[in-house]
Amino acid sequence: MNRRVRSTVTLVVLAMVMATAACSSSVGSAGGGAKFTASSLSQVVQQAKQEGQLNLVWGEGVLGGTKGLPKLAEGFRKHFGLPADFKVSFTPGPSQAQMAASLDQEVQAGQNSTSDIMIAYPAVFRMLLGAGVTVFKPEDWSWATDIPKPAVQGGGVAVAVVTSIPVITYNSKKVTDPPKSMQDLLAPRWKGRVASTPYASNFPNFAATIGQDQALSYITAFSKQLGGLIPCTEDNRVLSGEFDALAFDCDQSTTLENMRAGGALRYVIPSDAAMLTQYMLGTPVNSAHPAAAQLFIDYLMTREAQDTLWNVAAGDSVFVKGSNIEKLVAASQADGVTFHDWDLDAVLADKDWPSSEYLQNQVSILTKTK
């Protein structure tokens with residue numbers, strides 16, 4: 001099965017899992033994880049010490065991956081006085097959609113979640129929250145003094161830890177006149193030179209921003225311009241010259257890291273699709289180490305951890321005062337950019353948010369399976 005078809009199948013499987021759960025009215029809160037309700041920081045720290053470990057699984061390109069997690073884990077242990085043998089294990093995992101489908105199935109089966117923390121964009125959290133199975137429960141984060149209140153979203157089910165800006169990434173050695181908008185990429189000169197992602201990264205947000213019909217017309221025209229499909233983690237294929245640009249790139253982070261190293265990658269925030277989104281972190285109801293998970297989420301919002309995230313992954317949170325991304329957004333706004341902020345609360349409040357069927361349609365068009 002080729003990569004294009006695999007990606008479409010992943011999304012279809014996720015939608016089927018969600019539909020099955022929604023039809024199972026007898027299924028409530030489930031999972032093999034420990035029951036835990038936090039009331040104070042000291043209680044959370046004590047419970048985390050008893051749990052003794054934290055298992056994390058998400059994409060290699062998220063929060064620094066195997067490069068960044070050891071640094072975060074070290075800071076985590078020191079910040080809360082956890083023992084040196086407190087184990088924080090990280091395993092690079094599959095896509096957000098695949099992790100979401102697995103989590104949904106694990107909850108229904110009464111099994112511990114593969115990862116003690118679910119990390120995903122708001123659109124994925126929306127699908128999970130609407131599936132009919134209680135995958136997350138609202139948490140009282142009042143004990144977590146490092147988490148700004150606006151970052152706690154979805155009624156307490158998740159915290160916005162890192163802010164992403166969907167961008168057009170391009171090779172500055174090959175592109176001297178970069179596009180300023182997504183519309184620019186429909187010009188004849190871009191035919192065959194631009195790549196997109198096989199999972200339609202940020203196109204649901206784009207549809208919510210400009211309207212679903214208009215977005216579908218755009219993606220139909222855009223698909224004819226494509227020279228290929230690559231994951232966001234393969235920006236090196238733009239750097240190598242295989243493609244001149246990638247749109248949408250998931251966020252600004254990989255390009256910023258390349259720029260720091262003196263590389264040729266650059267990015268533009270498209271004028272017709274200036275958007276913000278968030279990496280949301282939530283503790284599944286079937287987490288085997290819920291106190292450690294919540295404590296780690298709290299740590300990630302400290303100034304220390306946010307600085308580490310910026311250093312290892314070129315990303316931090318707009319909700320943290322003085323963050324680098326806050327400064328970047330402010331500078332863009334000063335230049336006249338108006339951002340549509342698609343955080344979890346905004347996505348949940350949007351009654352016309354694109355359905356999973358609409359997303360499948362977008363993916364099918366991009367991958368030419370329709």
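Analyst: In this predicted model, five strands form an open sheet in the order S8-S7-S9-S6-S10, and their pairing is mixed. The edges are taken by strand S8 (226–229) and strand S10 (265–268); each has a single partner strand, so one side of each is left without a neighbour in the sheet. On average, neighbouring strands of this sheet are turned by 30° against each other, direction ignored.

Within the sheet, strand S7 (residues 194–196) pairs with strand S9 (residues 245–249) in the parallel sense, over two bridges. Alanine 195 has leucine 246 of S9 as its bridge partner.

Helix H12 covers residues 324–334, and its buried residues are Ile325, Leu328, Val329 and Ser332. Viewed down the axis of H12, these buried residues fall within an arc of 95°, so they line one face of the helix. Lys327 and Ala334 lie on the other side of H12 and are exposed, which here stands for over 50% relative accessible area, against under 20% for buried residues. After H12 comes glycine 336, with a positive phi near 100°.

Methods
Residues are numbered from 1 along each chain as its sequence is written. This is a predicted model: local features need pLDDT of at least 70, side-chain atom pairs count only at pLDDT 80 or more; totals for chains, interfaces and linings use all residues. Side-chain values use heavy atoms; hydrogens and water are left out. Two strands pair if DSSP finds at least two bridges between them. Helices (H or I, at least four residues) and strands (E, at least two) are DSSP runs, numbered from the N terminus. Axes are lines fitted to C-alpha atoms, for helices over the stretch in contact, and angles run from 0 to 180 degrees between N-to-C directions. Buried means under 20% relative accessible area, exposed over 50%, partly exposed in between (1.4 Å probe, protein chains only). The arc is that of the directions from the helix axis to the C-beta atoms.
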